[in-house]
Amino acid sequence: MQLPSFLNRPAHTLLYITEVKTFRIDTDRKGVILGEVMVFDVECKSSNSIPACLEMLFKNTTAMGRNVWLIYSRLNTYALTLPSIQVEGVETAILEQALQFEYEGLTGASVTNSHLSYQFIGSADEMSTYWITLVAKETLTKTKEILSKNHCKYAGLMHPGGLPFLIAGTESPSWLRIECWSNCVFTLAKTPEAGFSLQIIHTQQNEHWADEVDHWVLDTGDVDKSEAIMNNKIEYLPNTDESYHLTLDGSLVFWLGLWATHLISSENIDVPIL
């Protein structure tokens, strides 16, 4: 007897959602990819459109995994730096309020109707850096409802930037990576002296973003390995040892596999998940 499709389905589905296409991979319980990557001409111009994107996907694909992870390329994200004395050892609610206040002061946007997730990055020179992501509460509620209606469990929503390890595989004493996304550039580095660090440089209405990247590379100094991730458009980036293009004939499947393994199998995920 053949099982119904919703019973005979993968443990996890990971959706990489961009402005022009959506990519799907399925994995087993350990995060190992099953089958081929699926591509859908389903676009998502803003995070508010994620529920509509999901509705369209469910109409045009086989049963998704029991757990569904969402990676959205234009998710609102920032790296915020606050005085360490202000945030060290405080209760979670107070820390969240401090991050919200810092975000509102930086952007002029209110977080009243948004969910905020954060990840502590590190401290230097008496300042602490936190990586945050935000999405409208209504969007997250609708997203969870759509997944539940289709017998799926919401596993999390995150930005595609910032995998906190060297993509090339073998860990090196020092490395850096520059990631070009739709509306921002992630710069990550790890050195024995400074540990892990991350900055997010927003490129929209910022004609000097390339200069900021150059200055960051100079400040980071020599490293053993360097990498770059190119998204769906070619931008100026400094030369690196490795360059990964997120296309079907490039590094997309390999990169999605790294994300899946990290999200599903790692004890410490170390990225902000909504």
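Entry 1. Is E227 buried or exposed? I am working from a predicted model, and in it E227 has a relative accessible area of 1%, so E227 is buried, the cut-off for that term being under 20%. I then located E227 in strand β12, which spans residues 225-230. Leaving aside residues up to four places away in sequence, I listed what E227 touches: L166, I167, A168, L176, R177, I178, T240, E242 and Y244.

Entry 2. I turned to the largest nonpolar core, which holds 32 residues, and noted that those with the most contacts inside it are L14, Y16, W181, F186, W255, L256 and W259. The elements giving two or more residues to this core are β1 (12-17), β2 (22-27), β4 (67-72), β10 (184-191), β11 (195-202) and α6 (252-265). Of these, α6 supplies the largest share, eight residues.

Entry 3. I followed W255 on its own and, again not counting residues up to four places away in sequence, found that W255 touches Y16, P160, L163, I167, W181, I229 and L246. I also recorded a second, separate core of 23 residues, which includes L15, L54, Y72 and L140.

Entry 4. S47 counts as buried because its relative accessibility is 17%, where the term requires a value under 20%. With residues up to four places away in sequence not counted, S47 touches Y72, V135 and T139; Y72 is also one of the residues I had listed for the second core.

Terms used
Residues are numbered from 1 along each chain as its sequence is written. This is a predicted model: local features need pLDDT of at least 70, side-chain atom pairs count only at pLDDT 80 or more; totals for chains, interfaces and linings use all residues. Side-chain values use heavy atoms; hydrogens and water are left out. A nonpolar core is a set of buried Ala, Val, Leu, Ile, Met, Phe, Trp, Tyr and Cys residues joined through side-chain atoms within 4.5 Å. Buried means under 20% relative accessible area, exposed over 50%, partly exposed in between (1.4 Å probe, protein chains only). Helices (H or I, at least four residues) and strands (E, at least two) are DSSP runs, numbered from the N terminus. Contact means heavy atoms within 4.5 Å.
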